[in-house]
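Here is a short walk through one protein model. Keep the structure in view as you read.

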Amino acid sequence: MTADAPATVKCLVWDLDDTLWSGTLLEGDDPRPAEATLRTLRALDERGVLHAVASRGDHATATAHLARLGLAELFTAVEIGWGAKSASVGRVAEALGIGVDSLAFVDNDPVERAEVAAAHPRVRCYEPEAVPDFLSLPEFRPRHLTEESRRRREMYRAELGRKRAEETYEGPPGEFLASLRLELTVREAAEADFARAHELTVRTHQLNTTGRTYDLAELRQLSRSPHHRVTVAALTDVHGSYGTVGLVVTEEDDDRTVLRLLLLSCRVMSRGIGPALIGHVVRRALAEGRRPQAEFVPTDVNRAMLVNLRFAGFRPLGEATRPVPGDPLLLEFPPGAPPPAVPGHVRLLTPAGGPDA
């Protein structure tokens, strides 16, 4: 993306009366969206752009009408009431865990658009007449269209269900994790994975061992190299899929497997997935007769990954025990040490077979 290109819209927030549909629900109308609006709704959903509602009216009446129209499932967050639209837009961003600068807002009332724009200057505001043109605007065209982006609404709805379950759970945190029945599927990356893998390298900083980034061509080259392995990890639980949440790049020679990059989406920070994925790398290396080693490049925000490596059994080689930011630290799993066990709250799946299968 060039410096002048607009940032991609992650969520389009809709007013309802005379915007999503023509007519006013509380005045007794039976309003319906125009065909062009329906095409835009569904096409943006296919591109991974979320939909939400920020509208004035009665919540129960409006949501019931969305359900009658068969549209309720398309909207990931719904804010309907009598307060300021800007407050509703802010709550949408908070519920979805995204910045307001990644929202767009469409409303027929210029006063409402101006109120939202004044409170949130980086929210892009549109009138309903622009809706048919959204599909051709660059801000509504994600750079990469993947299977994961097509399922983004499903994953966000599952995440909202997890949050509600966690907020109402009254037992210990460990019991809540066990109740999720987490399944981590680890497999070698294929062509369909490279766009998401690249996205993870450029967006994930906190749970990232070295901070390296790889473009699509580099990932393809590494995956074809006899001396490297590119592995992706996908996570599911009782609420649904988290999507692809982890990436591992290793370099292998006759007697060593060196972890060049391991990263995890911040969405799974509290799920204890780091030890499960690091343990898999160790067990695979040992099963192949290689010494597991790992590089770690410290930054201001990634210390959690060093903690994960140390808890998995890795120890620094040589004298360096306090790495300087920017300088790599090489760690090794102690020779003769037993491989780490799979965490009890995670079921680890390796479809290709291996030490965890």
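**From cysteines to cores and pockets**

Start with C266, which is partly exposed because its relative accessibility is 39%. This model is predicted. C125 is also partly exposed, since its relative accessible area is 27%.

Now ask about bonds between cysteines. A disulfide is a covalent bond between the sulfur atoms of two cysteines. How many disulfides does the structure hold? It holds zero. C125 shows why: the closest cysteine sulfur to its own belongs to C11 and is 13 Å away, too far for a bond. A disulfide would need the two sulfur atoms within 2.5 Å.

The largest nonpolar core has 34 residues. L184, L235, L309 and F314 have the most contacts inside this core. Helix 10, residues 273–287, gives the most to the core, with six residues.

Next, find L12. It sits in strand 1, which covers residues 11–14. Is L12 buried or exposed? L12 counts as buried, because its relative accessibility is 0%, and the cut-off for buried is under 20%. Its contacts, not counting residues up to four places away in sequence, include L44, V49, L50, H51 and A52. A104, F105, V106, F134 and F140 are touched by L12 as well. F75 lies 63 residues from L12 along the chain, yet their C-alpha atoms are separated by 9.6 Å.

Which residues does S86 contact, leaving aside its neighbours within four places in sequence? They are E115, V116, A119 and H120.

Now turn to empty space. Rolling a probe the size of a water molecule over the atoms shows where empty space is left. Across the whole structure, a search finds one cavity of 30 Å³ or more. The largest cavity holds about 60 Å³ of space. Its lining is made of L16, D17, W21, L25, L26, S55, R56, G57, D58 and A62. By class, five of these lining residues are nonpolar, two are polar and three are charged.

The largest pocket has a volume of about 1,200 Å³. It is lined by 43 residues, and K10, R152, R196, E199 and R203 are the closest to its centre. Several elements give two or more residues to this lining: helix 3, helix 5 (147–150), helix 6 (152–168), helix 8 (194–203) and strand 8 (240–252). The lining of the largest pocket has 17 nonpolar, 12 polar and 14 charged residues.

The second largest pocket has a volume of about 350 Å³. Of its 14 lining residues, T76, A77, V78, L160 and R164 lie nearest the centre. Helix 2 (59–68), strand 3 (75–81) and helix 6 each give two or more residues to this lining. Seven of the lining residues of the second largest pocket are nonpolar, two are polar and five are charged.

How values were computed:
Residues are numbered from 1 along each chain as its sequence is written. This is a predicted model: local features need pLDDT of at least 70, side-chain atom pairs count only at pLDDT 80 or more; totals for chains, interfaces and linings use all residues. Side-chain values use heavy atoms; hydrogens and water are left out. A nonpolar core is a set of buried Ala, Val, Leu, Ile, Met, Phe, Trp, Tyr and Cys residues joined through side-chain atoms within 4.5 Å. Buried means under 20% relative accessible area, exposed over 50%, partly exposed in between (1.4 Å probe, protein chains only). Helices (H or I, at least four residues) and strands (E, at least two) are DSSP runs, numbered from the N terminus. Contact means heavy atoms within 4.5 Å. On a 1 Å grid over the protein atoms alone, a cavity is a set of points where a 1.4 Å probe fits but cannot get out, and a pocket is an open set with protein on both sides within 12 Å along at least five of seven lines; lining residues have an atom within 4 Å of a point. Grid points are joined across faces, edges and corners, and a volume is the space filled by probe spheres set on the points. Ala, Val, Leu, Ile, Met, Phe, Trp, Tyr, Cys and Pro count as nonpolar, Asp, Glu, Lys and Arg as charged, and the others, Gly among them, as polar.
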